[in-house]
Amino acid sequence: MPKVVFSDEVDHEFGIATGLELKELVAEKQGVKLFDYLDPPSGPFGTKEHPAIIQSRYDERIVGCSGGEGEDEHDVVWFKLRKGELYECTVCTQVFQLEVVGPGGLPGGHHH
């Protein structure tokens, strides 16, 4: 993880931010990306033959489908995408598949 320098001085620029939010804001101010977020999904409309690939560091990820652009756009449908499963949006029928690009397992190390 990148080194971020914290100061004992109060910085009113961050309002009431605390914890991880404050660390992230301080890091951004110093030009450091504290968390390595995966880019949001983009690409062609997913089909059963060629699903939209969604990357995750774990075996599941919460995903939101908004359909497409312009007239194809719909209210966001949120769903949990799991490794080894396809998900078809109930509104636009776009198909999604998870690609694990990290350690796998469940987020936060929870076991069911």
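**View 1. Cys89 in the loop between β4 and β5.** Cys89 is placed in the loop that links β4 (86-88) to β5; helices (H or I, at least four residues) and strands (E, at least two) are DSSP runs, numbered from the N terminus. The structure is a predicted model, in which local features need pLDDT of at least 70, side-chain atom pairs count only at pLDDT 80 or more, and totals for chains, interfaces and linings use all residues. Residues are numbered from 1 along each chain as its sequence is written, and side-chain values use heavy atoms, with hydrogens and water left out. Cys89 counts as buried because its relative accessible area is 2%; buried means under 20% relative accessible area, exposed over 50%, and partly exposed in between (1.4 Å probe, protein chains only). Apart from neighbours within four places in sequence, Cys89 is in contact (heavy atoms within 4.5 Å) with Cys65, His74, Val77 and Gln94.

**View 2. The annotated binding site.** The unreviewed UniProt entry lists Cys65, His74, Cys89 and Cys92 under "binding site". These residues span 28 residues in sequence, yet no two of their C-alpha atoms are more than 10.8 Å apart, so they gather at one spot. UniProt positions are given in the numbering used here, feature names are shortened, and annotations may be inferred rather than shown by experiment. His74 belongs to the loop between β2 and β3 and is buried, with a relative accessible area of 14%. Beyond its neighbours within four places in sequence, His74 is in contact with Cys65, Ser66, Gly67, Cys89, Val91 and Cys92.

**View 3. The largest nonpolar core.** Eleven residues make up this core: Ala52, Ile54, Val63, Cys65, Val77, Phe79, Leu81, Cys89, Cys92, Phe96 and Leu98. The elements giving two or more residues to the core are β1 (52-56), β2 (60-65), β3 (77-82) and β5 (95-100), and β3 provides the largest share, three residues. A nonpolar core is a set of buried Ala, Val, Leu, Ile, Met, Phe, Trp, Tyr and Cys residues joined through side-chain atoms within 4.5 Å. Not counting residues up to four places away in sequence, Phe96 touches Pro51, Ala52, Ile54, Cys65, Phe79, Leu81, Glu85, Leu86 and Tyr87.

**View 4. A nonpolar patch on the surface.** Ile62, Val76 and Trp78 form this patch, with about 360 Å² of accessible area together. Patches are made of residues with over 30% relative accessible area and no salt bridge, where like charges are joined within 9 Å and nonpolar side chains (Val, Leu, Ile, Met, Phe, Trp, Tyr) within 5 Å. A salt bridge is a side-chain nitrogen of Lys or Arg within 4 Å of a carboxyl oxygen of Asp or Glu. Accessible areas come from the Shrake-Rupley method with a 1.4 Å probe; for residues, only the protein chains shown count as cover. Val76 lies in the loop between β2 and β3 and counts as partly exposed because its relative accessibility is 44%.

**View 5. Asp59 and Glu60.** Asp59 sits in the loop between β1 and β2, whereas Glu60 is in strand β2. Asp59 is partly exposed, with a relative accessible area of 22%, while Glu60 is buried at 16%. Asp59 and Glu99 are 40 residues apart in sequence and 8.3 Å apart in space, C-alpha to C-alpha. Leaving aside neighbours within four places in sequence, Asp59 is in contact with residues including Leu81, Arg82 and Leu98. With residues up to four places away likewise not counted, Glu60 touches Lys80, Leu81, Arg82, Leu98, Leu106 and Pro107.
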